[in-house]
Amino acid sequence: MDHAKPSTPSPEALARGLVALLDVEEIDTDLYRGARRPGGEGRVFGGQVIAQALQAAQRSTDAPRAAHSLHAYFMRAGDERYPIIYRVERDFEGRSFATRRVIAMQKGKPILNLACSFQTPEDGLHHQDAMPDVPMPDSLASERDLLASLGDRVPAPIRAFLSRPRPIELRPVDPRQLLQPEPREPTQAIWFRLVAPIGDDPTLHRAVLAYASDFALLGTSTLPHGVNWLIDNMQTASLDHALWLHEPFRADQWLLYTTDSPWAGHARGFNRGRIFTAEGRLVASVAQEGLIRLRD
């Protein structure tokens with residue numbers, strides 16, 4: 001009997017799938033349920049929990065107030081077999097600012113705490129860092145293409161995991177060596193965008209960027225040591241995550257994510273990130289400390 005190979009999802013279907021994953025269902029006042037990733041069996045990606053918690057906070061806040069910063073602490077790994085419940089606390093309602101606390105829970109235990117601040121838009125003094133001079137994404141290979149060029153040198157289970165269709169396309173400026181890593185400066189630059197348009201709702205674009213802000217960040221702190229999770233016995237996990245949203249943007253257009261790591265030690269690595277539009281506007285900043293435990 002012939003068994004047809006499953007068709008590859010279209011970019012539009014991949015984008016719709018991510019939008020559905022990051023959506024949260026209101027089950028009571030300030031109580032929401034986040035969807036589980038279809039077919040997921042392992043640890044929940046940290047960016048998913050951050051984005052769903054942000055969505056819950058945004059659902060409790062009326063426009064024109066918009067999220068401008070969030071700070072999250074990871075306490076336990078999420079399990080992809082179960083949905084996540086988000087409880088929102090409305091800590092403060094001012095004229096210009098409002099704050100929310102969100103507790104993400106699975107099986108009755110908290111897995112993440114998030115604090116989020118919202119501001120009514122207003123004008124003010126302005127300056128920003130300049131975007132680094134890097135090649136534009138059209139001249140770069142995607143991570144999937146780079147992985148395909150390695151062929152059978154990557155173990156089949158890992159190759160299958162890394163090459164599955166994803167809703168966010170990544171194009172590294174200076175790709176790291178997966179199979180023969182050598183020590184290098186703890187800096188990276190990578191272009192990313194959602195693979196298809198998702199409409200004009202700014203709350204959704206903020207959620208997608210929050211999700212993507214957990215990509216590539218923690219690995220920056222491993223670069224000076226010539227190690228990675230693919231060939232070394234490494235345990236890695238996000239411990240905390242902070243995101244500042246400066247300017248409006250679209251997550252379905254190219255964004256440049258530049259990261260650096262000024263310090264690592266005691267099985268922890270500290271990482272910083274800046275996110276620019278292709279036109280050079282600085283739209284977000286990120287900071288994260290994570291576990292980078294190299295086992296014997």
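Guide: A residue counts as buried under 20% relative accessible area, as exposed over 50%, and as partly exposed in between. The model is a predicted one. With a relative accessibility of 33%, Arg87 therefore falls in the partly exposed class. Its partner in a salt bridge is Glu89, and the closest N and O atoms of this pair are 3.4 Å apart. Glu89 is likewise partly exposed, because its relative accessibility is 30%.

A further salt bridge joins the side chains of Asp91 and Arg101, with an N to O distance of 2.6 Å. This pair connects distant parts of the chain: Asp91 belongs to strand 4 (residues 84–93) and Arg101 to strand 5 (residues 97–106), and the two are ten residues apart. Asp91 has a relative accessibility of 41% and so counts as partly exposed. Arg101, at 39%, is partly exposed as well.

Elsewhere, the side chains of Asp260 and Arg272 meet in a salt bridge of 2.6 Å, N to O. Here too distant parts of the chain are linked, since Asp260 is in strand 10 (residues 255–265) and Arg272 in strand 11 (residues 268–277), twelve residues apart. Asp260 is partly exposed at 23% relative accessibility, and Arg272 is partly exposed at 39%. The count of salt bridges in the model comes to 17.

The loop between strand 10 and strand 11 contains His266. The phi of His266 is near 55 degrees, a positive value in a residue other than glycine. His266 counts as exposed, because its relative accessibility is 69%. Lys107 is not a glycine, yet its phi is positive, at about 50 degrees. With 68% relative accessibility, Lys107 counts as exposed.

The loop between helix 2 and strand 3 (66–74) holds Pro64. The peptide bond from Ala63 to Pro64 is cis, with omega near 10 degrees.

Two packed helices are described by the angle between their axes and the distance between the axes. Helix 2 (residues 46–59) packs against helix 5 (residues 202–212) at an angle of about 155 degrees, and their axes are 7 Å apart. Angles over 145 degrees count as roughly antiparallel, and helix 2 and helix 5 are therefore roughly antiparallel to each other. The crossing of helix 2 past helix 5 is right-handed.

On the side of helix 2, the contact is made by Gly47, Gln48, Ile50, Ala51, Leu54, Gln55 and Gln58; these meet Thr203, Leu204, Arg206, Ala207, Ala210 and Tyr211 in helix 5. By class, this contact of helix 2 with helix 5 has seven nonpolar, five polar and one charged residues. Helix 5 is mostly covered, with nine of its eleven residues buried. Among the buried residues of helix 5 are Leu204, Arg206, Ala207, Ala210 and Tyr211, each of which also takes part in the contact with helix 2. His205, Val208, Leu209 and Ala212 are buried too.

Key
Residues are numbered from 1 along each chain as its sequence is written. This is a predicted model: local features need pLDDT of at least 70, side-chain atom pairs count only at pLDDT 80 or more; totals for chains, interfaces and linings use all residues. Side-chain values use heavy atoms; hydrogens and water are left out. A salt bridge is a side-chain nitrogen of Lys or Arg within 4 Å of a carboxyl oxygen of Asp or Glu. Buried means under 20% relative accessible area, exposed over 50%, partly exposed in between (1.4 Å probe, protein chains only). Helices (H or I, at least four residues) and strands (E, at least two) are DSSP runs, numbered from the N terminus. Axes are lines fitted to C-alpha atoms, for helices over the stretch in contact, and angles run from 0 to 180 degrees between N-to-C directions. Angles under 35 degrees count as roughly parallel, over 145 as roughly antiparallel, 65 to 115 as roughly perpendicular and the rest as oblique. A crossing is left-handed if the near helix is turned anticlockwise from the far one by less than a right angle, and right-handed if clockwise. Contact means heavy atoms within 4.5 Å. Ala, Val, Leu, Ile, Met, Phe, Trp, Tyr, Cys and Pro count as nonpolar, Asp, Glu, Lys and Arg as charged, and the others, Gly among them, as polar.
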